[in-house]
Amino acid sequence: MSEPTAPARAGDLGVSDRQDSGKGDRTIVMQRNQRRLKTILGRATDDRLGDGEDLRFLLSLADEEDREALFAAAREVRRRHFGSAVFLYGFVYFSTFCRNDCAFCHYRRSNVALPRYRKSPEEILQAAGTLAASGVHLIDLTMGEWPERPAARPGQPDSLAGLVRRVKARCGGLPVMVSPGVVPDSTLAALAAAGADWYACYQETHNPRRFARLRVGQSYAERMQKKSTAQALGMLIEEGILIGIGERPADVADSIAAMRALDADQVRVMTFVPQEGTPMAASALGPALGEAVVIAVLRLAFPDRLIPASLDVGGLAGLAERLDAGANVVTSLVVPGKGLAGVAHASLDIEEARRTPQAIGPVLARCGLGVADRQAYRHWIDRRRPRALPQAGAR
Ligand code: SF4
């Protein structure tokens, strides 16, 4: 896998010094690249995008017109698989305590200046209930990685699995995603038995050396293994990458290949936002690749999977460009007035009620999209879960 270097530009597309020496030669190269783009996008719109060269080529596109062609292809693939329907995820970041020290994260253990919170079960249930009533398709229960208290045994109401049961009961059986980080296999089994539909666990990079610098002190292999274990238990998997950290197209292409090998059900990309109180606070590494370009390539690489447009990085103002790039899920909708935080930005647009289904409605309409009905989301989940074991929890 590749080491980080300077951001790639269209010059990566095969222009040699000799070819670049004359206008005629440059035109020939441009025409050749146009033909190549057309060929790759043709394959992609037939759901036959390759790994390696195809991915690197698309991720290297710098010309605006080329990028527009990429986005148009991504929208066409989304239309063919999902029509104009978009799914909405409600986000409940219920505990910001974390035992880890990820170099990029505001909530890392070493950031002692940070005010932290842990919401009570009743506060979590209220927030989830409000989100459910607002029309979301899923409740995303997210926490920093923190060991469960020994007393909180699987099955106990105050365990994580117990919380999943109660949220599902409060929300009429709405699907639930859990993002607890790396937890024991017994906890994963309890979560699956409680009816957790999704396990989200982001590697952020699939370059083990870069992983070691980002997720300091954590095991690359163990984190990957937890996703496979959750899959075997019948849960759907969300995998994700972070960009804007000096990556090259080849690095993102490697990640896409790894996520394909994992057979992830939902794949997300997020742009790094420098965070005060972290070793990367002053980092100005990117973005080398635009998030919209990566979303579009993800759409072509994963035609029938879910791809989020997160409100967490660019807020409401950044939603349209992510949807126009082929995303089909709006994530990180947060209930205002409950003291709940986001991840990349702790407070962006939350208390202004700009991360609600009502606020995003006009943006969806402008993009020619609309909110899917809940049955459609349930059908998608059920179709994607042939490996599912019978789950004991309320569904
Ligand atoms: S990214 Fe997650 S695991 Fe890492 S420090 Fe932040 S909350 Fe903890």
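1. Strand β2 first. This is a predicted model, and in it β2 (residues 138-143) is mostly covered, with six of its six residues buried. Side chains in a regular strand alternate between the two faces of the sheet.

2. Now the strands around β2. On one side, β1 (residues 85-95) runs parallel to β2 and is joined to it by six bridges; F91 has D140 as its bridge partner. β2 also runs parallel to β3, this time through four bridges, and there L141 is partnered with V178. Carry on from V178 and you get to β4, where V178 stands opposite Y199. β3 and β4 are parallel too, joined by two bridges.

3. I139 is worth a click. Which residues have the most contacts inside the largest nonpolar core? They are I139 and V164, in a core of 114 residues. Helix α10 (residues 291-301) gives this core its largest share, nine residues. The core also draws on both domains, taking at least three residues from each of domain 1 (10-80) and domain 2 (83-383). Setting aside sequence neighbours within four places, I139 is in contact with G90, V92, A128, L131, A132, V167, C171, L174 and V176.

4. On α10 itself: 11 of the 11 residues in this helix are buried, so the rest of the structure largely encloses it. Residues three or four places apart in an α-helix point the same way, because there are 3.6 residues a turn.

5. Helix α6 (residues 185-193) has T187, L188, A190, L191, A192 and A193 as its buried residues. What covers them? Among the covering elements are α5 (160-170), β3 (176-179), β4 (198-200) and α8 (220-232). Just after the helix, G195 takes a positive phi of about 100°.

6. Two backbone angles I'd look at by eye. Most residues other than glycine have a negative phi. S332 is not glycine, yet its phi is positive, near 65°. It lies in strand β8 (residues 329-333), and S332 counts as buried because it has 26 C-beta neighbours inside 10 Å. A353 is another non-glycine residue with a positive phi, near 55°. A353 lies in the loop between β8 and α13 (357-366). Is A353 buried or partly exposed? It is partly exposed, with 14 other C-beta atoms within 10 Å.

7. The ligand site. The residues around the ligand are C98, N100, C102, C105, Y107, R108, G144, E145 and G181. By class, that shell has four nonpolar, three polar and two charged residues.

8. Whole-chain numbers, for context. The chain has 14 helices and nine strands. Of its 395 residues, 46% count as buried. Among contacts with a separation of 6 or more, 75% are between residues 24 or more positions apart.

Note on methods
Residues numbered from 1 in each chain as written. Predicted model: local features only at pLDDT ≥ 70, side-chain atom pairs only at ≥ 80, totals over all residues. Near = placed C-beta within 6 Å. Nonpolar A, V, L, I, M, F, W, Y, C, P; charged D, E, K, R; others polar. Core = buried A, V, L, I, M, F, W, Y, C linked by C-beta atoms within 7 Å. Buried ≥ 20, exposed ≤ 12 C-beta atoms within 10 Å, placed from the backbone. Domains from an automatic or database assignment. Contact = placed C-beta atoms within 7 Å. Pairing = 2+ DSSP bridges.
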